[in-house]
Amino acid sequence: MDPECSQLLPALCAVLADPRQPMADDTCLEKLLDWFKTITEAGSSLLLLQENPCLVELLCHMLKPQDLSSRVLSFSLRLTGVLAAQEDCFQYLQQGELLPKLFGEAGPLGGAAWTSPAVRSGWIQGLRSLAQHASALHFLAHCGAVDTIFSLQEDSSLFVASAAGQLLVHILGLSMQGPAGGPPSLQAGDWPACAQKIVGHIEESLRATATPQITQALNVLTTTFGHCHNPWTQVLWVQLSPLVAGLLEKDPIPAAHSLVDLLLSVARSPGLSSSSCGLWETLAQTLSHLSPTQAGPLALGILKLQDCPQALRAQAFAVLLQPLACVFKAMAQDPGPSGVPDGTVGGSMTAGVPLPSKAACVGLLCRSLAHLELLLPLPQRPCPWPQAPLLGAAVTLLQLCGGSARPACDMGRHLCTLLLGCVRVQRAALDFLGALSDGTGPRELVTQVFAVLLEYLRSPDSSPTVLKKAFQATFRWLLNSPKTPGCWDLDPHALLFLRDLLPVLQKRLCSPCWEVRDSSLEFLTQMTRHWGGQAGFRHALLASEVPKLTEQLLRDPESYVRASAVTAMGQLSSQGLCVPPAGPEHQGGQQKSLLVELLHILSTDSEGFPRRAVMQVFTQWLRDSHADVAGDTEQFVAGVLQVASQDLDWEVRAQGLELALVFLEQTLGQPRSHCPHAVTPPVEAPVGPLAQALQPLCRVRLFDFAFRALFDCDRPVAQKSCDLLLFLRAQTASSSSLQESRSSPDVASVEAALQRWQAGDQAQPLGDLEPEVVLAVVRSLDLEGLRGALAESSDHVEKSPQSLLQDMLATVGVLGENEADCY
Amino acid sequence: MKLYCLSGHPTLPCNVLKFKSTTIMLDCGLDMTSTLNFLPLPLVQSPRLSNLPGWSLKDGNAFLDKELKECSGHVFVDSVPEFCLPETELIDLSTVDVILISNYHCMMALPYITEHTGFSGTVYATEPTVQIGRLLMEELVNFIERVPKAQSASLWKNKDIQREGLCLIQPIYRERRPCHVLWSCVENQIIQCSGSQSMIPRPAPGASLGSLLEMQILRPTSNLNRKLWVWHPAIHLLAYPPAEFSLVFQPMDQASLKNSDVLILTGLTQIPTANPDGMVGEFCSNLALTVRNGGNVLVPCYPSGVIYDLLECLYQYIDSAGLSNIPFYFISPVANSSLEFSQIFAEWLCHNKQTKVYLPEPPFPHAELIQTNKLKHYPSLHGDFSSDFRQPCVVFTGHPSLRFGDVVHFMELWGKSSLNTVIFTEPDFSYLEALAPYQPLAMKCIYCPIDTRLNFIQVSKLLKEVQPLHVVCPEQYTQPPPAQSHRMDLMIDCQPPAMSYRRAEVLALPFKRRYEKIEIMPELADALVPMEIKPGISLATVSAVLHTKDNKHILQPPPRPAQPTGGKKRKRAAEDIPDCKVLKPLLSGSIPVEQFVQTLEKHGFSDIKVEDTAKGHIVLLQEAETLIQIEEDSTHIICDNDEMLRVRLRDLVLKFLQKF
C-alpha cells in the first residue's frame, strides 16, 4: 500500500465505524473491497493488518452493540474473510477471538442485523473467502457454521440462498482435499466428517417431498460436478444416483429443470466414466419420463456430448424432432413413411392426441426449432441428418402460420387454428429454414421453400421482423442454390424466382413501415454485392424499378432508411447498376449526380447514420477505384475530407481517417499488410523522391485533418489518427533525404500550433504544409506515447485507490457539512 | 319471440323482431351486388360500351341482343341498375312499430319500406348515421339520375325465358327504381336518438321505445356511426351488435351485453383473411409505387367511411414517401359535406380524437390536407376539376361497384395504360366482377379490402366475454368461407351452436316469458289491510289501476270518479278511467263438512245426506229438495226458486269462511 493511502485509511475506518456518517453509495465499498483483494493477493495480509491497525480496530468495532449500517457490517464480514484467507492472518485474527465473534453465534448471526439480506450475504461471502485452508475447516466445524449454511439455502433472498449453495460446494471440495493435501479416500465412509455431513444433508434433501429442498440439493450437486472433477466425485455420484433416479418415479417429476442441469453436468464431467456408473441408463430413463417441454434441453445436451451411446443419441434426437413429427403427421395427406422419426417417446405429444393450449404448443415448437438450429452446425450432429423431412416440416409450419396450408384431418385443422398468424413460430421457423439452406434438398422441396418464402415476402400481414427474417432466409437459400458448374450466376430456377421477387421488393421499398423499407434495402445490398456482376441478375434488376426506387429512398424521412439507401446505392453504383440500360449517353451524368447527392447528404444530413454510410461508401469506392472517383481522386478526397473533418459525429471523422489511410496507401503504393482482402488498386509506385509522393497528400489537406484528429476529444478518432501517422512514419523511415528540415522555422511553428491544439485551442489553422515539414513533425511527435495514453481507459486517472479513498471521505464530509447547515 | 329474416346478406341485414305486441325492424340494408350484372353508366357516351356486341343464344337466336350485351365472355344487362330489396311479403311491414338503424350502410333500403308498405312507425338512428346515410343516398341518386337511361330492359326477366335457361342472369330483384330512394321519404320519420350538438364525450344515451323496450346505444364504432343496440325487453336482455372495430372510434362497452338471452350477430368482416392494418400498408405501398413510376391511382370508394382512414394514413405517409407534390382528388356530389361532417362528430370518436377537439384541432387530419392544397374535392368531373386536373394523381371517387358515378369515366380514361393502378379498398363488391365490363384492361388492379368490422377472433373473444345463452347469425357465419373450407377459425363456434338464418326465413327465438315485476305506489300500499291466512302468509285485496309504460308496471290508486274531461279529441287507452264497481269481500278458508252438517241440523234441517265426490262433497237436503255442492274453490247452493232458503244456507256457509 502506498503511503498516501496508508495516511487516508485511518480516517476512512473511523468514518465507516461511525453510524452517524452513513455511506451513501455502496459501490464505493465494493471498490474498496476489490482494492483490498488486490493488496492481499499481492502480499501478506498479516503485514497489512500490522501496518494498519486501524483495520483491526474497525473489525473490533463491529462487535460492539450499536446501530451500524448493514452495508458496513456486510463489508466488514467480507473484508475479514478476505484477510483470513491467508492462514497466518487467520491465526492472528483467531487469537483476538475476532473470527468466532464475527461469524459465530455471538456475532450478527444472533442479532437484529441478521434480518438484513446484505448482512447474511456478507457473512456467506466472508466465509467463502476465508475457507481456503484446513484451519478454516476446523473453525467452521467448531462454530457450527455448516448448519447455518444449510438453513440459509432456504433463505428468502435468492442471492443469499444461491450463495449458500455455492459455499456448501466450496466447503465440500475443500474438505475432500484432505488434511495434508493428500488424495482423499475413495470410500465414502472414510470421508472427513464435514464432507459426510454435507453429503448426508444432500441425501436427506433428495428424499424430501418439498420441491424447493430437492432443487437446492440438485443445484449443489450440479455445481459440484461442474467445478470439481476429482475421482471422489464419481464415488459421490454412485452413492447418490439411486436417489436421483428415484425422483423420476414421482409424478410430476419435481425440479425437472434442475434435474436436467445436474444430469448434463454429470455427463460432461471428465472426472466420471459415464459408462461405469449407469449414467446413460439414467439419462435414457429421464428422457422418457420428462414432458416434451422439459426433455428438450436434456436432449440437446445429450446430442452435444462427445462420447455417447448411439441408442441414447437416437432417443434424444427423437425427442427434439417430436413436435415437428407431430406437425408432419397432422398435415400429411398420406400418413406413409415421412422420414421424420415418429414420436415414440414422451407420451403426450404423439400424433392423434389433441395438442395442448396455444401457448404450450407455440412454446414447444419454438424451442424445438431453436434446439435443432443450434445442433445444425455442430460436428456431432446426428448422422444421417434428416434434411428433407426437416425442410418439409419447416415449410409446413410456415404454411400453417401463414394460412396457406390445407390440412386434411381435424388435428391439422386444430393446429392451423393454433398457429395462424403466430409471429413467434414464424420467426423461429424462418430462422431454422435459413439455417437449413446449408444442406441440400430434393428439387420439389426447394421449389416449395422458395414458394413459401415468396408467400411471406408478399403477404401484407407479415410483420416487419418476420419479413426481415424472410429476407435473410431468402438470401441464404439463393446463396446456396445449386450452381451451374463454372458459372457464378444464379441458376435458372433462382432467376425465375428473382423475376417474382423483384416486384415484391419494389412494393416493399414503398412500404409505409420504415423497418420494412430498411430490411428491403439491406436485402438488395446483399444481393447486389453477390450477384451484381452476373448477367442474369443485372438484366432482371435493370428491367425493374428497383434502382430508381432505391435512389428515391436517399431522401427518406427515416435516417436508418437513408443510411441503408446510401449503402445500397453505393453498391449498385459500384456494379454499374444505377443507370437504366436505355440511355448510355447519360451514364456519366447519372453517376456524377449520385456522387453529388452523397456529398450533399454528408454535408447536410442531420442524422449520423446516413453520413456514416456515405463515408463507408466513399471509402469503398476509393478502394475499388470506382470510375467516378478515379477520374479526379484528389479532388474527391479533398472534398470528402474537408466535410468529414468538421462532422460532429466521431464515427464519421474516424471513417474519414480510414478513407485518408486508403488514399495514403494508394499514394505510397504500399497497402497495409493487415488488410489481406483489400483489392490492390493499380496505383503507380512513387517514382520520384518522397517529397513528390507526399505532395498529393498535402494538396488534399490530409495532414491538416490527421493532426487535428490527433487531439480529437473522442479517443477512437485520435487512435485512428495515431495509427495513420505511425503508418506514414514507418513507410518513410527508410528515406533519410528529408532529415535536414528538422530545424526549419516552419516545423517550429507547426509544432507550436499542435501544442496549442493539444491544449484545446484548435482555432489556429496550420496553413499549407510542405511534405518536408510534415515528415519532420511526424518524426518529432511522440506517437507511441500518445498511443499508449490513448489505450488506457478513460478513467485510469480516477481509478486509483487513493482517489477512491478521497472520494469516500469527501462524500462523508459533504454529508457532514449538510448536517451542520441544518442547525 | 319471432325473428323474420328479410335479407340474406350477412352485412346488409334486415331482420324483424316480434315480441309481445311490438314489432321492431333491425337495420334495413340494400343489397347492391346485383348491379354488377348491369353495364356501367358512363358520364359521357362511351363508344366502347355502346359498341359491345349483343348477346345471342347458341343457336343464333338474338332476340335478347338489345337488352343483353357481351364483354370478354361476360353478359351484362344494358339497363338502369336494379337492386335486391329486403323481402316485403314475409310480414306485413305496416305493422312495424320501430326501425333501428345501426349504421349508414344498413339503411339504404329504408325508402322502400317507408314509402311503399304503409309503414307508420318511427326510425331510430344516431346523428352521424342519419347524416352520413343521407349523403350516401344523395350520392347514389345523383349518380344514377344524372345519366338517365332511355332503355329499361325487362324482357330478360320474362319467366319463360328464365325457365328455359335462356338467360344467364338470374333476376332476384324486386324493385328497379333506385331513383326513388329519396331522402325526403325517410327524413320525417327518423329520430336522431342521440342528437347532441355538444362536443362533450357522452355516455351511451338511452332511449325509450314504447312500453316494451328500453334500448341503449352502446358504442358508436367505426366509420363514424357504427353502433350497438342493446335493449331489455321486459326482464330479458337481447343484444344486437352489428359492430365494427377501428382505431379511431370509441371502444365498445361490452358490459351491457353480458348474460344476454339472445345475441344477434350480423355485419362481421366480409374478408376475414385480410387484416386491415396489413391492407392499409399494402394500399400505401402500391399507391406510392404507381405514382413514383408516373402512373395515376384510382380508388373506387364510398364518400364516407374507409376514406377517412385512408386519408389519415396517407397524411402520415405522403411526406415520407416523397409524394408531397402529388395531388389527391376526392370527387363526389357529397364530398364537401362528407369531409365536413366527419369533423363535427367528435363525441363518437376515440379518446385521442376527442382530445384533439379541445386543443382545438380537427379530429381528422384531412382538414390539413385540404388547407395545404394536397387534397382537393369536387362535386363532379365538370367545372373546376377539369381546369385543376393534373397527372400523375390519386383520385378517390365512387361508386365502388364501378357501375355508375365518376369512377366509370376514370376507368375508361386510365384503363388502357399499364402505368395506372386501380386499388379496391371497399370489400362490398367482388373486384373481379366489378372489372368485368372493362376488359381487356391494361391498368394494374390491386385488391386491398379494408374491412374494419369485427373478425372471427374478436367475435370469439366477445362471445367468451359476454356468454349469451343463444346466438343468432346469418348462415354464412356457421361454416368456413367456401374458398377456405379448411379454416375452421373463420366461423362462429359457440355452445350451443349458433342458430342460423337465411333470406325469407322465420326463426322462433328460444325466449321464455317469466314473471314480471310490478311496483305498488306507497299511498296504495298504505291503504292495504293484510290478513294472515296461514302463519307467514297474509293477504290483502288491492283495487288499483295498472299503469304500464316504458317497460315498467306500476299499480296506482284508483282515481276518484271525476267529471268527464271532454274537449280532448283523442284519448289514449291508458288514460281512460276504468269503471270502479262496488267490491264484494273475498272469502277464504274451507268448510268442515261434519261441523257444517251439525250446524244445519241445529238450524232445523233434517234428513241430511252427504256424498263424497271427486272434488269435494255434496250435501243433500232431501226434505228441502236442495243440494249444496262443496268443492275446493267453489260452493254452489242449488235450490228451487226459494231465495229465502238460499240466503239462509249461504249465511250458514259463510259462517265457516273468513272474509276480507
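Me: Leaving aside its neighbours within four places in sequence, with which residues is L206(A) in contact?

Reply: This is a predicted model, in which local features need pLDDT of at least 70 and side-chain atom pairs count only at pLDDT 80 or more, while totals for chains, interfaces and linings use all residues. Residues are numbered from 1 along each chain as its sequence is written, chains are lettered from A and ligands numbered from 1 in the order in which they are written, and side-chain values use heavy atoms, without hydrogens and water. Contact means heavy atoms within 4.5 Å. On that basis, the partners of L206(A) are I214(A), A217(A), L218(A), L221(A), L240(A), L243(A), V244(A), L247(A) and K250(A).

Me: Are helix 23 and helix 24 of chain A roughly parallel or roughly antiparallel?

Reply: Axes are lines fitted to C-alpha atoms, for helices over the stretch in contact, and angles run from 0 to 180 degrees between N-to-C directions. Helix 23 (residues 443–458) and helix 24 (residues 464–479) of chain A pack at about 150 degrees, with axes 9 Å apart. Angles under 35 degrees count as roughly parallel, over 145 as roughly antiparallel, 65 to 115 as roughly perpendicular and the rest as oblique. Helix 23 and helix 24 of chain A are therefore roughly antiparallel.

Me: How many nonpolar residues does the contact of helix 23 with helix 24 of chain A have?

Reply: V446(A), V449(A), F450(A), L453(A), Y456(A) and L457(A) in helix 23 meet V466(A), L467(A), A470(A), F471(A), A473(A), T474(A), W477(A) and L478(A) in helix 24. Ala, Val, Leu, Ile, Met, Phe, Trp, Tyr, Cys and Pro count as nonpolar, Asp, Glu, Lys and Arg as charged, and the others, Gly among them, as polar. By these classes the contact has no charged residues, 1 polar residue, and a nonpolar count of 13.

Me: What is the angle between helix 35 and helix 39 of chain A?

Reply: Helix 35 (residues 690–699) and helix 39 (residues 771–780) of chain A have axes 8 Å apart. The two count as roughly perpendicular. Their angle is about 90 degrees.

Me: How many residues of helix 12 of chain B are buried?

Reply: The buried residues of helix 12 (residues 407–414) of chain B are V407(B), V408(B), F410(B), M411(B), E412(B) and W414(B). Of the 8 residues in this helix, the buried number is 6.

Me: How many strands does chain B have?

Reply: Chain A has 41 helices and 0 strands. Chain B has 17 helices, and its number of strands is 33.

Conventions. Helices (H or I, at least four residues) and strands (E, at least two) are DSSP runs, numbered from the N terminus. Buried means under 20% relative accessible area, exposed over 50%, partly exposed in between (1.4 Å probe, protein chains only).
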